[in-house]
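Here are my notes on the model, point by point. Please read them with the structure open.

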Amino acid sequence: MNFAFTDEQLAFRDEVRAFCEKEVTPEMMEEIYSKGDEHSPSFYKKLAEKGWIGLDFPKEYGGLGKQQIEMGIFREETAYYMAPMMSNEINNILTHSILLLGNEEQKRELVTGVIEGNIQLCMGYTEPGSGSDLASLKTRAVKDGDRYVINGQKIFTTNAHIADYCILAARTDVNAPKHKGISLFIVDMKTKGIEVGPLWTLGGYRVNTVYFENVIIDESNRIGNENEGWKGLALALDIERSGLVYVGKARRILDETIKFLNKEKPDCLEPQHWVSERLNELLAEVKAARLLAYRVPLMQAEGKVPNSEASMAKLYSTELLKKVCNTAIEVIGKNTLLTHRSLHNVCNGLFEENYRSAAMGTIVAGTSQIQREIIAKRKLHLSSKK
């Protein structure tokens with residue numbers, strides 16, 4: 001597998017970096033912090049103007065038609081600059097499911113609307129009793145003529161409070177094996193019977209609980225065939241688990257740590273010092289994480305399904321980000337734990353915020369333990385039976 005970038009891809013990386021240098025301003029980040037919301041409407045509009053919301057979507061729907069490798073570069077570099085990309089991530093992941101399973105009308109309306117920046121989606125997957133084991137979800141969609149009646153609850157639903165539509169996973173056949181009885185639906189968030197309530201994460205950002213009580217939708221809102229929604233879910237998880245967001249953040253934390261030590265504690269960077277040795281180990285691990293993570297879009301570009309590979313990238317990169325954050329705090333000192341609002345903060349609170357939020361990466365889209373189980377079963381062909 002060739003991990004070298006083309007000249008065009010390198011030029012695109014430079015373009016993304018220049019864009020982030022200009023647009024990810026302290027004022028915008030203060031807006032994000034103050035709202036506790038990982039969405040900036042003004043920044044999102046600028047992404048739409050660049051065409052980057054539709055970076056890897058087909059040109060026939062208004063996208064730029066780039067490969068997943070360009071999307072990987074985009075994810076890594078925007079994460080390095082800590083840009084508010086959650087809305088773009090969710091919309092990209094869910095739109096790929098629509099492109100895979102949806103009909104032409106759904107593609108024309110939703111994909112085009114997302115690309116233009118006019119439609120926001122939220123992911124109605126996780127439930128209180130089915131997080132990592134997503135196939136055990138309990139939300140029901142019961143067929144009633146040419147309609148469905150939906151009842152259930154979703155939790156940790158990012159962007160539900162600003163979304164126009166929810167891409168909802170619901171059980172349509174309770175008697176089928178758990179992966180076989182799930183369907184995907186497009187649900188207008190203004191539909192009667194939907195209630196959204198806030199939850200605040202350790203990282204300081206809002207997610208939501210969403211309740212569905214006798215929510216009625218047309219059969220035409222189903223994405224793909226009934227009971228065949230798991231393919232769309234699996235595609236979404238592979239994209240979400242690619243790991244490049246965590247790689248980008250780990251690179252930034254490590255770069256800022258070295259920059260601070262060069263200025264304030266240069267003796268720590270002497271070749272035989274334990275801090276220097278630790279940082280060199282982490283630099284090597286970041287390079288390894290990048291290779292694991294870029295393997296995912298490279299496989300997708302070749303038409304392969306990077307299932308266990310996505311889990312390996314996600315596991316390694318999320319655990320690495322935690323390690324990098326812990327090391328930064330250990331080698332720089334206590335001021336790294338001050339928020340951006342403190343007069344004595346380090347790097348505008350970058351270390352403190354990422355220290356809090358890094359743990360979430362090892363939980364969302366499947367915990368580290370779940371990733372280990374996937375790797376063991378699907379890559380190493382090990383059985384969980386004793």
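Which residues of the largest nonpolar core touch the most other members?

1. The core. This is a predicted model. Its largest nonpolar core has 82 residues. Leu47, Phe74 and Tyr125 touch the most other members of that core. There is also a second, separate core of 17 residues. Cys122, Ala160, Leu168 and Met189 are among the members of this second core.

2. Helix H1, length. H1 covers residues 7–23, 17 residues in all. From first C-alpha to last, H1 reaches 24 Å. That is close to the 24 Å expected at 1.5 Å a residue.

3. Helix H1, faces. Gln9, Phe12, Arg13, Val16, Phe19, Cys20 and Glu23 are buried in H1. Viewed down the axis of H1, the buried residues fall within an arc of 125°, so they line one face of the helix. Asp7, Glu21 and Lys22, on the other side of H1, are exposed.

4. Cysteines. The structure has zero disulfides. Cysteine 20 is in none, and the nearest cysteine sulfur, that of cysteine 347, is 15 Å away. Cysteine 20 counts as buried because its relative accessibility is 0%. Cysteine 325 is in no disulfide either. For cysteine 325, the nearest cysteine sulfur is that of cysteine 347, 12 Å away. Cysteine 325 has 3% relative accessibility, so it counts as buried.

Terms used
Residues numbered from 1 in each chain as written. Predicted model: local features only at pLDDT ≥ 70, side-chain atom pairs only at ≥ 80, totals over all residues. Heavy atoms only, no water. Core = buried A, V, L, I, M, F, W, Y, C linked by side-chain atoms within 4.5 Å. Buried < 20%, exposed > 50% of the residue type's maximum accessible area, 1.4 Å probe, protein only. Disulfide = S-S within 2.5 Å. Helix = DSSP H or I, 4+ residues; strand = E, 2+ residues; numbered from the N terminus. Expected span 1.5 Å × (residues − 1). Arc of directions from axis to C-beta.
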